[in-house]
Amino acid sequence: MGNLLCCVQVGQSTVAIKERFGKYDEVLDPGCHFLPWCLGSQLAGHLSLRVQQLDVKCETKTKDNVFVNVVASIQYRALSEKASDAFYKLSNTKGQIQAYVFDVIRASVPRLNLDDAFEQKNDIAKAVEDELEKAMSTYGYEIVQTLIVDIEPDEHVKRAMNEINAAARMRLAATEKAEAEKILQIKRAEGEAESKYLAGLGIARQRQAIVDGLRDSVLGFSENVPGTTAKDVMDMVLVTQYFDTMKEIGASSKSSAVFIPHGPGAIRDVAGQIREGLLQASAASK
């Protein structure tokens with residue numbers, strides 16, 4: 001019906017290209033327009049002004065010889081003031097954009113190592129956007145946004161990178177564990193040294209107390225029993241303590257047999273040995 005009445009309707013966010021006898025005439029904005037087809041006017045086509053997106057996947061090689069697939073997302077739209085250029089100058093807009101993306105990515109990524117490529121995604125995207133903006137503005141298109149959405153290395157390379165990362169973390173964990181064990185051993189050694197030191201002090205005080213007690217006993221016995229010497233009293237005290245000690249050893253459940261010297265001079269030998277040991281302990285404690 002619109003064609004019969006020489007009227008045409010153009011939708012929102014769209015422009016129409018009007019030709020007259022096959023030659024470009026003007027751009028029709030959204031709305032209703034008079035189109036006298038009988039005078040040679042006709043619509044050559046419509047051009048969308050909406051933002052469109054093109055995803056481009058490009059395979060290239062990094063500086064350290066790793067092949068990667070770089071996925072770029074290009075958002076672009078036609079400019080209404082250059083609608084005639086966008087309609088007539090390009091027959092394959094997506095193919096043209098894809099060619100420029102390939103050119104920039106394959107010129108930028110080979111100058112970077114794999115790790116640097118991941119870190120400099122924004123720089124790569126900026127380089128692609130600048131090149132596209134400069135090239136596509138001639139054809140009536142505006143580049144709205146350029147994103148590098150993914151850099152995907154080969155599956156074997158990803159597995160190797162994960163193994164390297166896992167090995168580094170295991171090495172760090174082993175280092176921390178060894179350091180912790182070292183600290184525990186040092187603290188344990190310090191504790192044992194302190195314990196032995198305190199035990200030594202206790203033994204020294206114990207022996208000193210024994211010597212002091214024996215001295216007091218000998219002096220007291222010599223004063224109360226006339227005619228006895230300090231040596232006689234000392235021998236008697238030592239022998240008494242010796243037999244008390246043997247009694248305790250025999251009463252212990254962990255002892256099965258105890259060998260003691262037996263003979264006429266055994267007691268004298270035992271007394272001499274005990275006296276000699278106590279005198280040495282007293283001299284060492286001083």
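View 1. Phe 21 is found in the loop between β2 and β3 (23-28), strands being DSSP runs of E of at least two residues, numbered from the N terminus. Although Phe 21 is not a glycine, its phi is positive, at about 55°. The model is predicted, so that local features need pLDDT of at least 70 and side-chain atom pairs count only at pLDDT 80 or more, while totals for chains, interfaces and linings use all residues. Residues are numbered from 1 along each chain as its sequence is written, and side-chain values use heavy atoms, with hydrogens and water left out.

**View 2. Asn 65, in the loop between β6 (52-61) and β7 (67-78).** Asn 65, which is not a glycine, has a positive phi near 65°. Its relative accessibility of 55% places Asn 65 among exposed residues.

**View 3. Glu 19, a buried residue without a salt bridge.** Glu 19 belongs to strand β2 (residues 14-20). The nearest side chain of opposite charge, Lys 23, is 11 Å away, where Lys and Arg count as positive, Asp and Glu as negative, and His and the chain ends are not counted; a salt bridge would need a side-chain nitrogen of Lys or Arg within 4 Å of a carboxyl oxygen of Asp or Glu. Beyond its neighbours within four places in sequence, Glu 19 is in contact with residues including Tyr 24, Gly 40 and Tyr 88 (heavy atoms within 4.5 Å).

Definitions and conventions:
Helix = DSSP H or I, 4+ residues; strand = E, 2+ residues; numbered from the N terminus. Buried < 20%, exposed > 50% of the residue type's maximum accessible area, 1.4 Å probe, protein only.
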